[in-house]
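Okay, thanks everyone, let's get going.

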Amino acid sequence: MSAFGSNTGNRANSIAPQDCNVPQAGNDGISSLVWSPTANFLMSTNWDGGVRCWEVQEQGGQVRASPKAQVNHEAQSPALDCCFSPDGSTVFSGGADKAVRMWKLGESPPGGIAQQIGVHDAPVKAVGFLPSGLVVSGGWDRKLKFWDTRTNNPVGTLDMPERVYDLDVRGNLMVAITANRRMMIYNVGTPQPNLVQNKESPLKFQSRCVSCFPDQTGFAIGGVEGRVGIQYVQKVGNKDHFAFKCHRKDNNAFSVNAIAFQNQYGTFATCGADGVVNFWDKDNKQRLKGFNPIQRSIPCAAFNAQGNLFAYASSYDWSKGSGYHSPGSPNEIYIHYTPDNEIKPKAKR
């Protein structure tokens with residue numbers, strides 16, 4: 001597979017000149033982006049505590065985003081992740097206030113603080129929605145907790161080997177990654193989550209993000225060393241696990257901050273601390289498109305349900321610590337119209 005290629009000259013703000021700059025993107029770093037599964041509504045969570053919603057319209061490749069509403073976590077505690085219910089009516093978020101919160105779109109909660117439906121003993125790093133209708137949250141308290149939105153008490157708790165850094169749910173497949181390079185793989189199509197595998201990451205250093213394949217046969221994991229691991233949960237033909245280098249330049253490795261799959265083709269994007277976006281085809285082991293690096297790191301990204309809009313954030317990701325943070329530096333979200341010739345697998349030569 002192709003590795004990250006160098007770029008010379010001044011860096012642009014966005015990966016393509018025509019990308020839509022989403023208005024009112026927040027006052028601090030952007031921690032997650034997610035699209036509604038039923039319409040072009042985009043959500044973000046921010047380190048300023050905000051959970052924001054935009055309505056996005058696309059016509060002829062031209063994209064426009066309109067701010068719709070915002071709720072917050074308590075005391076402006078950073079909001080770290082969010083997800084939608086399958087019908088697109090409700091958003092769930094987790095944050096540094098140790099809370100799991102619920103926001104029914106169209107409603108304005110008291111004081112602008114989203115309703116708390118659960119709590120951890122440490123910040124909540126990741127949330128997901130299960131086929132059973134439960135919300136799952138992973139925290140730095142080394143717990144996965146499962147919530148029925150009608151009660152504040154968890155209906156189930158699973159002990160993790162270490163702090164949860166990320167989790168993803170796709171159909172009956174759930175993967176949680178933790179500190180110390182552990183990967184916990186579950187079947188959540190059963191009444192009780194069933195642990196399928198507890199294994200070590202194929203990457204050599206800290207795991208950063210995980211994303212399940214659209215067909216639920218496996219997942220991709222990204223790490224701080226500028227590598228991605230492709231892992232299969234089910235045996236698929238002659239395909240096997242592999243890992244590849246991506247966000248590297250010369251002797252420098254950059255964190256892979258986000259992996260986003262495109263639903264229609266099963267291809268995916270990787271985004272890094274180097275400010276680079278790459279589109280990949282795992283089945284043919286090739287890079288489909290590499291964009292020039294932008295001015296700031298890219299902490300998160302997501303494709304919409306239709307697969308023709310790719311949202312990505314541009315803000316400091318803390319990968320170099322507080323010494324490299326510049327207060328007042330821009331925190332931006334862009335939406336890139338994605339034609340088939342950028343993301344569709346290419347015919348084998």
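This is a predicted model: local features need pLDDT of at least 70, side-chain atom pairs count only at pLDDT 80 or more; totals for chains, interfaces and linings use all residues.

As you know, a pair of aromatic rings is described by the distance of the centres and the angle of the planes. Searching the whole structure turns up 13 aromatic pairs. Let me pick out F244 and W280: their ring centres are 4.7 Å apart and the planes meet at 55°, so we call this pair tilted. F244 belongs to strand 21, residues 242-245, and W280 to strand 26, residues 277-281, so the contact ties together parts of the chain 36 residues apart in sequence. Are these two buried or exposed? F244 has 6% relative accessibility, so it counts as buried. W280 comes out at 0%, so that one counts as buried too.

Another pair I like is Y312 with Y334. Here the centres are 5.7 Å apart and the planes are at 20°, so this pair is stacked. It also links distant parts of the chain, with Y312 in strand 29, residues 309-314, and Y334 in strand 30, 22 residues apart. Both Y312 and Y334 are buried.

The ring of F242 has the charged end of K285 over it, 4.5 Å from the centre.

Okay, backbone. Most residues other than glycine have a negative phi. You'll find K98 in the loop between strand 7 (90-95) and strand 8 (99-104). Its relative accessibility is 36%, so K98 counts as partly exposed. Then there's R142, again a residue other than glycine with a positive phi, near 65°. R142 is in the loop between strand 11 (135-139) and strand 12 (143-147). With a relative accessible area of 40%, R142 is partly exposed.

Last topic: empty space. Rolling a probe the size of a water molecule over the atoms shows where it is left. How many cavities of 30 Å³ or more does the search find? One, over the whole structure. The volume of this largest cavity is about 50 Å³. Its lining is made of Q18, D19, C20, G61, Q62, V63, I335 and Y337. Strand 5 (62-72) and strand 30 (332-337) are the elements that give two or more residues to that lining. By type, the lining of the largest cavity has four nonpolar residues, three polar and one charged.

Then there is the second largest pocket, with about 370 Å³ of space. That pocket is lined by 19 residues, and the ones nearest its centre are A273, S297, Y316, S319 and K320. The lining of the second largest pocket splits into six nonpolar, eight polar and five charged residues.

That's my tour, so over to you for questions.

Key:
Residues are numbered from 1 along each chain as its sequence is written. Side-chain values use heavy atoms; hydrogens and water are left out. On a 1 Å grid over the protein atoms alone, a cavity is a set of points where a 1.4 Å probe fits but cannot get out, and a pocket is an open set with protein on both sides within 12 Å along at least five of seven lines; lining residues have an atom within 4 Å of a point. Grid points are joined across faces, edges and corners, and a volume is the space filled by probe spheres set on the points. Helices (H or I, at least four residues) and strands (E, at least two) are DSSP runs, numbered from the N terminus. Ala, Val, Leu, Ile, Met, Phe, Trp, Tyr, Cys and Pro count as nonpolar, Asp, Glu, Lys and Arg as charged, and the others, Gly among them, as polar. Buried means under 20% relative accessible area, exposed over 50%, partly exposed in between (1.4 Å probe, protein chains only). Rings of Phe, Tyr and Trp (its six-membered ring) pair if their centres lie within 6.5 Å; planes under 30 degrees apart count as stacked, over 60 as edge-to-face and the rest as tilted. A charge sits over a ring if NZ of Lys or CZ of Arg is within 6 Å of the ring centre and within 35 degrees of the ring normal.
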